[in-house]
Amino acid sequence: MNKYQQITEARKLLELPERATMEDIKRNYRNLINAWHPDRCPEGKEKCTEMTAKIISAYRTIIDYCSSYQFSFSEEEVRHHLSDEEWWFERFGNTPL
């Protein structure tokens with residue numbers, strides 16, 4: 001299995017969309033760990049333990065990918081992530097219509 005497939009499998013296990021914030025990743029991880037923790041899970045203890053191990057492994061895969069990701073700080077990339085309000089003020093300033 002290649003790196004993309006590993007990350008995609010981990011993302012799906014953590015129930016993440018294709019684009020997620022670090023907050024989304026951590027929230028989903030905590031929710032899944034709470035749901036599948038062997039002490040709380042209504043399923044069989046063996047199944048819960050196995051699922052907990054898979055969730056932890058998936059989280060580590062995603063965190064490893066995120067921590068080695070090279071972020072772009074180019075003007076083009078930053079402009080791509082402007083909010084609607086920032087986009088408006090950049091083009092038209094504070095001038096009312």
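Author: A cut-off is needed from the start: a residue is called exposed when its relative accessible area is over 50%, buried when it is under 20%, and partly exposed in between. The model is a predicted one.

Begin with the loop between α1 (3-13) and α2, where glutamate 15 lies. Its relative accessibility is 57%, over the 50% limit, so glutamate 15 counts as exposed. The backbone at glutamate 15 has a phi near 55°, which is a positive value in a residue other than glycine.

Next comes the pair itself. Two packed helices are described by the angle between their axes and the distance between the axes. Helix α2 covers residues 22-36 and helix α3 covers residues 45-68; their axes come within 9 Å and cross at roughly 170°. An angle over 145 degrees counts as roughly antiparallel, and α2 and α3 are therefore roughly antiparallel to each other. On the α2 side, the contact is made by Met22, Ile25, Lys26, Tyr29, Leu32, Ile33 and Trp36. On the α3 side, it is made by Lys47, Cys48, Met51, Thr52, Ile55, Ile56, Tyr59, Ile62, Ile63 and Cys66. Sorted by kind, the residues of this contact are 14 nonpolar, one polar and two charged.

Tyrosine 29 belongs to helix α2. With a relative accessible area of 19%, under the 20% limit, tyrosine 29 is buried. Once neighbours within four places in sequence are set aside, tyrosine 29 is in contact with Leu14, Ile55, Ile56 and Tyr59.

Not counting residues up to four places away in sequence, threonine 52 touches Ile33, Trp36, His37 and Pro38.

The loop between α2 and α3 holds arginine 40. At 58% relative accessibility, arginine 40 counts as exposed. From arginine 40 to serine 72 is 32 residues along the chain, and their C-alpha atoms are separated by 42 Å.

Further along α3 is aspartate 64, which is partly exposed with a relative accessible area of 39%. Aspartate 64 and methionine 1 are 63 residues apart in sequence, and 17 Å lie between their C-alpha atoms. For tyrosine 29 and glutamate 90, 61 residues apart in sequence, the C-alpha to C-alpha distance is 37 Å.

Beyond the pair, helix α5 takes in residues 84-92 and includes tryptophan 87. Tryptophan 87 counts as partly exposed, at 39% relative accessibility. Apart from neighbours within four places in sequence, its contacts are with Leu82 and Phe92.

Now the whole chain. It has five helices and zero strands, and from the N terminus the order of elements is α-α-α-α-α. The C-alpha trace spans about 65 × 30 × 15 Å along its principal axes. Of the 97 residues, 21% are buried, and tyrosine 29 is one of the buried residues. The accessible surface comes to about 8000 Å², with 51% of it belonging to carbon and sulfur atoms. Among contacts between residues at least 6 apart in sequence, 45% join residues at least 24 apart.

Conventions: Residues are numbered from 1 along each chain as its sequence is written. This is a predicted model: local features need pLDDT of at least 70, side-chain atom pairs count only at pLDDT 80 or more; totals for chains, interfaces and linings use all residues. Side-chain values use heavy atoms; hydrogens and water are left out. Axes are lines fitted to C-alpha atoms, for helices over the stretch in contact, and angles run from 0 to 180 degrees between N-to-C directions. Helices (H or I, at least four residues) and strands (E, at least two) are DSSP runs, numbered from the N terminus. Angles under 35 degrees count as roughly parallel, over 145 as roughly antiparallel, 65 to 115 as roughly perpendicular and the rest as oblique. Contact means heavy atoms within 4.5 Å. Ala, Val, Leu, Ile, Met, Phe, Trp, Tyr, Cys and Pro count as nonpolar, Asp, Glu, Lys and Arg as charged, and the others, Gly among them, as polar. Buried means under 20% relative accessible area, exposed over 50%, partly exposed in between (1.4 Å probe, protein chains only). Accessible areas come from the Shrake-Rupley method with a 1.4 Å probe; for residues, only the protein chains shown count as cover.
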